[in-house]
Amino acid sequence: MTIGVKKVSLVRTTRDQIYLPAIFEGLLTTARHFFKNTLTPGMGDVDTIRYGEPEVDVKDYYPDRFRGVHRLMHREDESVRCVACMCCSTVCPANCITIEAEDRGDEREKAPKSFVIDELKCVVCGFCVEACPCDAIRMDTKEHMFPTEQRGDAVLGKVDLMSRGAASVAVQGGISADYRADAPKGDPRFDHDPH
Amino acid sequence: MVTYSRLVLLWLLCCVGILPTGCVGDDPALVGGSAPLTIQTAPGRLVFDAKTSEIAVKVTNNTDADVFVSDFRIEGPDWESFMITDDVGSSALAKGVSVELHIRSQTADFVGGLRPSAVAAEHLSAPAPAPDSFREGSAKLVFGVAQVRRPDDVQAQTVPIRFEESPWWMRYALPAAAKILLLVMAFIMPLASFLTWLERKQSAMMQDRVGPNMANISLGPLKIRLWGLLHVATDGLKMLFKEDFIPKRAHRALYTLAPLFGLIPALVVFAIVPFGDAVCYDGLFDTLTQADVDQCAAGRGGTPMQIAHIDVGLLYYFAIASIATYGTVLAGWSSYNKWAVLGALRASAQMISYEVAIGLSLVGTLLVYGSLEPHTIVHAQMDTYWGIVLQPIALVLFFTAAIAETKRAPFDLPEADSEIIGYFLEYSGMRFGLFFLAEFIEVVFVSALITTLFLGGWTLPFGVLGASGFSSALACQVVFALGGLLFTVLGVAIWRAHKNGEFVGALVGLAGLAQLLVAGWSAVTGWGTELPHLAIVLIGMLTWGGKILMLCWLQLLIRWTLPRFRYDQVMSLGWKGLLPLSIANIVLTAVVVYFMMGSLPA
């Protein structure tokens with residue numbers, strides 16, 4: 001691939017020096033835009049998304065990987081998917097996730113007693129979603145952080161986070177998900193028996 | 001026809017007892033002259049009619065013998081201005097015979113004897129007439145009466161002449177107040193506010209953005225937005241309620257005065273802008289001739305559509321425009337801020353430089369039209385061609401210099417948001433609002449001046465609309481058909497292009513259809529050559545307003561298209577570009593005018 005050099009003449013011609021032709025051309029260009037944008041349906045070349053208009057749904061315009069307000073996903077029995085592994089709170093660069101674990105009562109897993117995210121501290125990096133091993137925390141609400149009057153209102157607890165949640169289609173690790181039993185035979189990765 | 005103003009005057013005067021109750025009718029009592037040879041004149045006290053600038057007198061020989069009447073003349077401080085048009089000379093007047101006599105003012109602009117001619121003032125030591133509306137005895141009709149039998153025994157008879165015209169407040173104050181209300185309050189100020197919105201919206205449209213559109217009035221579920229037009233009101237409210245900040249070390253008095261120095265000159269210059277020919281109080285629904293309208297324009301029975309009809313005209317504009325410099329300089333200096341001072345410095349240098357170019361670029365126009373008075377200049381354009389045809393170079397030069405004078409891009413060095421913020425850096429709230437508004441008022445004024453000097457003011461092109469109507473039915477049809485087509489297309493486009501634009505689109509479209517109907521009506525009946533005076537006045541004002549709007553739009557287009565000059569480029573364009581070109585234009589125009597002396601009104 002060769003690099004082309006475009007030579008621009010810096011010699012001012014008479015046409016440049018009387019200004020008016022260039023000015024007239026410029027005016028024509030801007031006037032063309034003006035009339036196209038005012039007098040054609042759909043406002044011509046104006047591509048602005050009219051956020052804030054009542055009939056415009058912001059979510060229609062955001063990409064699927066847009067990171068919005070967090071949510072906690074549900075199991076099939078509507079309980080929280082989170083197993084309080086602390087991956088998200090560990091990876092969080094802003095230290096905005098606080099999890100207090102408790103016994104889930106099924107002798108296999110923990111559950112969060114409280115799951116608190118301070119949305120004002122959150123830097124919306126999405127590391128928590130990447131870190132989560134069981135698809136419990138997501139940022140796919142396409143919802144902006146909402147304005148609050150009190151700082152405390154921006155601290156979301158388990159109930160708030162779960163109210164945005166839904167059932168996940170992923171297989172839940174834990175009860176009845178015996179990956180050793182379901183693993184393909186002869187796969188050396190599953191041969192090691194810790195006991 | 002008794003004018004409305006005269007009725008009011010007479011009623012008032014009769015009320016306060018200045019006039020005897022019989023003032024309207026004949027008064028047989030005569031002044032001077034001995035009993036047997038008194039000739040009756042009707043009316044007994046002659047009235048100078050300011051509208052026709054004429055005194056009509058009927059002289060009746062009511063004596064019991066034939067007489068000679070001779071040597072009619074006017075005596076008094078104003079006598080030079082009159083001449084007796086009916087030459088009765090020295091004639092015998094038989095018993096019981098009447099003769100009509102007309103005494104006419106010689107000078108066309110003679111209004112009610114307020115301006116005694118120089119000759120009269122020099123030769124007669126009579127005191128200058130008091131500038132009130134009603135003067136009696138300041139002039140009198142004198143003639144000699146002699147019996148036929150004894151022609152040498154001439155007895156002088158005098159009849160006082162009353163100058164009747166409306167009082168000063170009726171002639172000047174009321175029309176001026178009405179015109180100020182109509183022009184400044186009902187047109188300029190709303191238009192300037194409108195331009196603050198248009199500037200933002202138009203720039204948005206030119207740059208493929210949406211622009212201001214959120215301000216609305218909620219009527220229940222209905223939100224009226226009008227493309228953000230209500231931002232004009234919300235911006236005004238915001239300005240009014242913002243903190244009125246004065247820097248601690250600012251010069252408080254000058255800091256307070258500076259916005260007024262910016263705003264008031266910008267408003268006051270509108271006094272000379274004619275926004276129509278003249279309106280006649282009496283014949284609003286009659287078809288008038290140009291001569292009638294000229295009478296009204298001179299203040300007789302009407303008023304020119306111009307706040308101040310002054311002969312110095314454009315000189316007044318130059319004078320006031322240079323005062324506007326003080327607003328910027330004082331604002332910058334009194335703020336006690338080095339950036340503001342820089343802005344003020346730039347503003348003063350720029351405005352003073354470009355004032356030279358403005359003045360000189362218009363000289364060519366003045367040479368062609370031979371007058372400094374804008375109303376007269378528009379009339380001269382009606383008689384010949386518009387200034388854009390006769391003086392295209394002056395138009396370009398003046399437009400450039402005038403944009404520089406308004407301190408807007410590409411000449412916005414005094415403001416220069418990206419470098420020094422400008423001379424009004426410290427101003428906030430409505431004080432800043434006044435500078436902001438003054439800038440847009442100057443934009444409107446530049447449009448008004450260009451309309452007046454180069455685009456034929458209130459007139460339609462090619463002289464299609466005269467004082468009594470369109471020059472032909474075809475002209476009427478063409479004008480209304482073109483206007484109707486434009487409005488209809490525009491209305492349909494607005495209807496289709498904008499959400500909720502149906503109402504405005506329908507209004508514009510209907511206006512277009514109405515014009516098309518008028519054109520059709522004219523095509524069928526040949527109507528249009530004789531229009532009522534009121535319609536002519538309205539069409540004139542609409543034409544003028546349309547030209548102003550178009551030029552304002554053009555100025556905004558220029559402002560949002562061209563990048564800013566560097567400071568030295570501004571100076572070199574002014575002094576090395578516009579100034580020599582305007583002088584060349586003067587020389588060229590002077591040569592051409594000299595050789596075409598006969599065919600141009602110069």
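Predicted model: local features only at pLDDT ≥ 70, side-chain atom pairs only at ≥ 80, totals over all residues.
Q: What is the strand order in the open sheet of chain A?
A: The order is S2-S3-S5, with antiparallel pairing among the 3 strands. Strands (E, at least two residues) are DSSP runs numbered from the N terminus, and two strands pair if DSSP finds at least two bridges between them.

Q: Which strands stand at the edges?
A: Strands S2 (97-103) and S5 (155-156) of chain A do; each has a single partner strand, so one side of each lacks a neighbour in the sheet.

Q: How many bridges join S2(A) to S3(A)?
A: There are 7; in one of them, Thr98(A) is partnered by Val116(A) of S3(A). The two strands form a hairpin with 6 residues between them, and Gly105(A) in the turn has a positive phi of about 95°.

Q: And which residue is the bridge partner of Asp118(A) in S5(A)?
A: That partner is Val155(A). S3(A), residues 110-118, pairs with S5(A) over 2 bridges.

Q: Changing topic, what domains does chain B have?
A: The assignment gives domain 1 (27-165), domain 2 (172-469 + 534-566) and domain 3 (471-529); such bounds come from an automatic or database domain assignment.

Q: How many residues of domain 2 of chain B are in contact with domain 3 of chain B?
A: In domain 2 of chain B, 5 residues are in contact with 5 residues of domain 3 of chain B, where contact requires C-beta atoms, placed from the backbone, within 7 Å.

Note on methods. Residues numbered from 1 in each chain as written. Chains lettered and ligands numbered in written order. Contact = placed C-beta atoms within 7 Å. Helix = DSSP H or I, 4+ residues; strand = E, 2+ residues; numbered from the N terminus.
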